[in-house]
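Biologist: Please show me the model, and then let us discuss its fold and its chain contacts in turn.

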Number of protein chains: 2
Amino acid sequence: MKKGTPTLSSLGRALTLLRVVIEDGGKSNLSSLARKVGLPVATAHRQATSLVEFGFLTPVSGGRHMAGPELLRLLYLIEPKEVIARLAMPAVEALAEDLGTTVHLGSFDGDMVTYRAKAGVSKGGLFTEVGGQLEAYCSGIGKVLLAHLPEDERNAYLANGPFVALTPHTITDPAELAHELDHVRSQGLAFDREEIEERLRCVAVPLFAPDGSVPLALSASFRNLAENDGTLSAAAERLVRAANNIKDELWPKHSSS
Amino acid sequence: MKKGTPTLSSLGRALTLLRVVIEDGGKSNLSSLARKVGLPVATAHRQATSLVEFGFLTPVSGGRHMAGPELLRLLYLIEPKEVIARLAMPAVEALAEDLGTTVHLGSFDGDMVTYRAKAGVSKGGLFTEVGGQLEAYCSGIGKVLLAHLPEDERNAYLANGPFVALTPHTITDPAELAHELDHVRSQGLAFDREEIEERLRCVAVPLFAPDGSVPLALSASFRNLAENDGTLSAAAERLVRAANNIKDELWPKHSSS
DNA sequence: GTGCCTTTTTTCACAATGTGAGATAATATG
DNA sequence: CATATTATCTCACATTGTGAAAAAAGGCAC
């Protein structure tokens, strides 16, 4: 029985209460929440009072609580895309290993795709690098992200061309691109068929946040595939599964019984 | 010396560390942060380890840390508008008392203004109620919120009329409304000159969030003012001050020396 | 590689501090 | 007004957090 660094159990209990209060959304009073967590009321009360004192909670009428100013401040300091990308890393690496190719994780920032993670063999030497940016309209990740943008922003992007052809396959017509994005959204995945570089293809899938937005997209790239090679569609299936796993891990369904 | 409910000081220290780590944005390692907070490294290390264990932090390379999955989850559960409205309440009530009139706090949700707080005398019997919604284009709060919307969304709203006239003064022409909104944005405040109800006027100012967005707006309403009464502009000044106070309280400048 | 410095992690004795049952006050609820 | 429910306080107890010091693990220059 190894000792290791001991965990601050009282901190754990207090953070659990904090989580429960926030999840409750200010509907219940302290006693019922204490009961739900299986904590003595006295203890829960002391924790709640302290959390209020430290600004992580605020009392609202009737002994209920909601998020406090400090928590609100943290909320504006955190960059969800960055955090999600970090937390998804293990899954991304596993996927890359599994597929034996390069896997990317990217987000949409200021009309461009930011590559936030890159995993897997660099055989074929992909040009991308983490932190780098690329045009959105021609990559799989970009098309997924564009497809799930709020309608206003998507239209604004489409109206903001021009879309320069990088290869003969690049989609450069806004109307055609709009149609492609509709397709991507309904299919739940996007293909890049040599639109960015000859003989380079990829599949990309969205990573949904609980509010329905798509902060990140996941892609797998392949070089020199035969025209009717099944690799891409096989990879697509794996990507969808990986995306689902990440989603389930980050936003588990609460068995809130 | 009253006892009161004792505060969990260890919780406070751990939450301080959490805040410092997030504020740091994952730039520094633990020891430097511990030094900054004036905490023994051993203690800071134990707290950080525990925060990681509870999912509030995640380790990144080089002994640094960033927000963890639980914190991310909280982020998506919290409704900033609601929280800010709650935290601004005291200031809103003070302002209403100070001005001796009705003060409103509203947000923009789905093309409409949601009234999230109402304070002050109900003389003149304003029709609004907390939780109720109203068209945005004709109220002071609505115009402030529209004016500070991202350009895409503002244009989408303007294109989405029609704007029905509630009084002869209501702005119903999209182009004119667009011009008015530009004015509102550059002035930092909006007036409602009997646009929603005869003899009812109000001033409204934006409440800025740290990211530059305007989640809420603050307004003061007056009835039966003479055409050239200085009350409105006097109130405007007070509103601006109140908005600044709220902002400074919620997002204090860190003397991060 | 070797040595030196910084940072991370563990150990451990001590007491500070969190704990929860129970009493009391405050508040809904009928 | 009576009665439940909930919030808050008190206090004795030992759980649990604390921090100095030592050990282990990286970094970095040379």
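Predicted model: local features only at pLDDT ≥ 70, side-chain atom pairs only at ≥ 80, totals over all residues.

Modeller: Residues are numbered from 1 along each chain as its sequence is written, while chains are lettered from A and ligands numbered from 1 in the order in which they are written.

Biologist: What separates the centres of domain 1 and domain 2 of chain A?

Modeller: The domain bounds, which come from an automatic or database domain assignment, are 9-76 for domain 1 and 80-250 for domain 2 of chain A. Taken over C-alpha atoms, the distance between the two centres is 40 Å.

Biologist: What is the radius of gyration of chain A?

Modeller: Chain A has nine helices and eight strands, where helices (H or I, at least four residues) and strands (E, at least two) are DSSP runs numbered from the N terminus. Chain A is more spread out than a compact globule, because the globule rule gives 18 Å for 257 residues and the radius of gyration is well over that. The rule is 2.2 Å times the number of residues to the power 0.38, and the radius is taken over C-alpha atoms. For chain A the radius of gyration is 23 Å.

Biologist: Which residues does A:Leu218 contact, leaving aside its neighbours within four places in sequence?

Modeller: Two residues are in contact if their C-beta atoms, placed from the backbone, lie within 7 Å. By that criterion, the partners of A:Leu218 are A:Val92, A:Val103, A:Leu105, A:Ala204, A:Val205, A:Leu207, A:Leu239, A:Ala242 and A:Ala243.

Biologist: By what turn can chain B be laid on chain A?

Modeller: Copies are superposed by least squares on the C-alpha atoms of residues with pLDDT of at least 70 in both. The RMSD is 0.0 Å and the shift along the axis is 0.0 Å, with a turn of 180°. The two copies are therefore related as by a two-fold rotation axis. The turn asked for is 180°.

Biologist: Which element gives the largest share of the side of chain B that touches chain A?

Modeller: The contact takes 47 residues from each of chain B and chain A. Elements of chain B that give two or more residues include α1 (9-24), α3 (41-53), α4 (69-77) and α5 (80-99). The largest share, nine residues, comes from α4(B).
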